[in-house]
Amino acid sequence: MVAKWIETLTGPLEQKKQYREAKARIQALPSPYRQTADALNRYLTLYAAVTDGATLVQMHSDLADLLERAAADNTPVGDVVGDDPVDFAETFALAYGGKQWIDKERQRLIRAIEDAKRDEPQ
Amino acid sequence: MASQMTEMLKGTLDGIVLALLADRPAYGYEITSWLRDRGFTDIAEGTVYALLVRIERRALVDVEKVPSEKGPPRKVYTLNPTGRAHLDEFWRTWSFLAEVIEQLRTPGARAPRQTGE
């Protein structure tokens with residue numbers, strides 16, 4: 001009962017645990033992979049504006065996968081994100097579409113245009 | 001990579017990777033190497049990874065984690081029936097585009113212009 005009450009306030013506990021795990025994996029990365037992951041995470045959290053906890057956790061965890069692999073293989077950071085880090089981050093964010101704040105606005109735009117079309121003279 | 005190449009690749013890279021996976025399952029690094037060997041020298045590993053995450057979330061591939069000698073397990077991507085259908089669609093679109101664009105290159109093959117004679 002108590003757990004349920006807490007979860008409604010804080011989000012599912014399991015999800016929080018997974019989120020902390022992904023964070024911990026990123027903090028455990030050696031330099032310069034940790035800084036890279038932190039920077040990308042910051043941008044992705046703001047840019048993608050994911051509205052659903054599970055997707056946000058998945059995004060963090062996928063990023064941890066990528067940079068853990070890069071650290072293990074000693075892949076230079078530049079080879080991981082390419083010449084354009086912004087483009088990379090935004091391409092990455094595309095995978096999590098459908099769960100973003102902007103999706104609601106996209107639906108609203110589509111509906112508004114549909115409504116406008118109905119007012120067109122025949 | 002020149003920015004025109006980057007822009008053009010954006011629409012086709014999904015299809016290219018699905019076509020690669022149609023031959024055999026592969027992990028991310030193999031796909032990146034394959035692309036680099038064939039002239040996409042500047043392609044970033046992360047770009048390919050982002051694409052793989054995307055096609056995984058769209059359920060076009062099945063993913064299996066296999067242990068690796070060093071570091072975390074590697075994800076091996078296998079094309080599934082949904083992915084195969086998507087690839088067929090990609091080839092149809094590609095053939096159409098390639099044909100139309102190629103026609104533009106040969107002036108004689110262009111649609112005859114109205115001369116007003």
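This is a predicted model: local features need pLDDT of at least 70, side-chain atom pairs count only at pLDDT 80 or more; totals for chains, interfaces and linings use all residues.
Q: With which residue does the side chain of R108(A) meet in a salt bridge?
A: A salt bridge is a side-chain nitrogen of Lys or Arg within 4 Å of a carboxyl oxygen of Asp or Glu. With a distance of 3.8 Å from N to O, the partner is E105(A).

Q: How many residues apart in sequence are the parts that R58(B) and D14(B) tie together?
A: The side chains of R58(B) and D14(B) meet in a salt bridge, 3.6 Å from N to O. Because R58(B) lies in the loop between α3 and β2 (61-66) of chain B and D14(B) in helix α1 of chain B, the parts tied together are apart in sequence by 44 residues.

Q: Are the planes of F88(A) and F92(A) stacked, edge-to-face or tilted?
A: Rings of Phe, Tyr and Trp (its six-membered ring) pair if their centres lie within 6.5 Å, and planes under 30 degrees apart count as stacked, over 60 as edge-to-face and the rest as tilted. The structure holds six aromatic pairs over all chains. Since the rings of F88(A) and F92(A) have centres 5.9 Å apart and planes at 35°, this pair is tilted.

Q: Is F92(A) buried or exposed?
A: F88(A) and F92(A) lie four residues apart in helix α6 (residues 85-94) of chain A, about one turn of the helix, and F88(A), at 3% relative accessibility, is buried. Because F92(A) has a relative accessibility of 0%, F92(A) also counts as buried.

Q: Which three residues supply 31% of the area that chain B buries against chain A?
A: Buried area is the accessible area (1.4 Å probe) that two parts lose on being put together, summed over both. Between chain B and chain A it is about 1700 Å², of which carbon and sulfur atoms give 51%. The three residues, which supply more than any other three, are E45(B), Y49(B) and R57(B).

Q: Which element supplies the largest share of the side of chain B that touches chain A?
A: Between chain B and chain A there are four salt bridges, and one of these joins K10(B) to D87(A), with the closest N and O atoms 2.8 Å apart. On the side of chain B that touches chain A, α3 (45-57) and β3 (74-79) of chain B each supply at least two residues. The largest share, eight residues, comes from α3(B).

Technical notes. Residues are numbered from 1 along each chain as its sequence is written. Chains are lettered from A and ligands numbered from 1 in the order in which they are written. Side-chain values use heavy atoms; hydrogens and water are left out. Buried means under 20% relative accessible area, exposed over 50%, partly exposed in between (1.4 Å probe, protein chains only).
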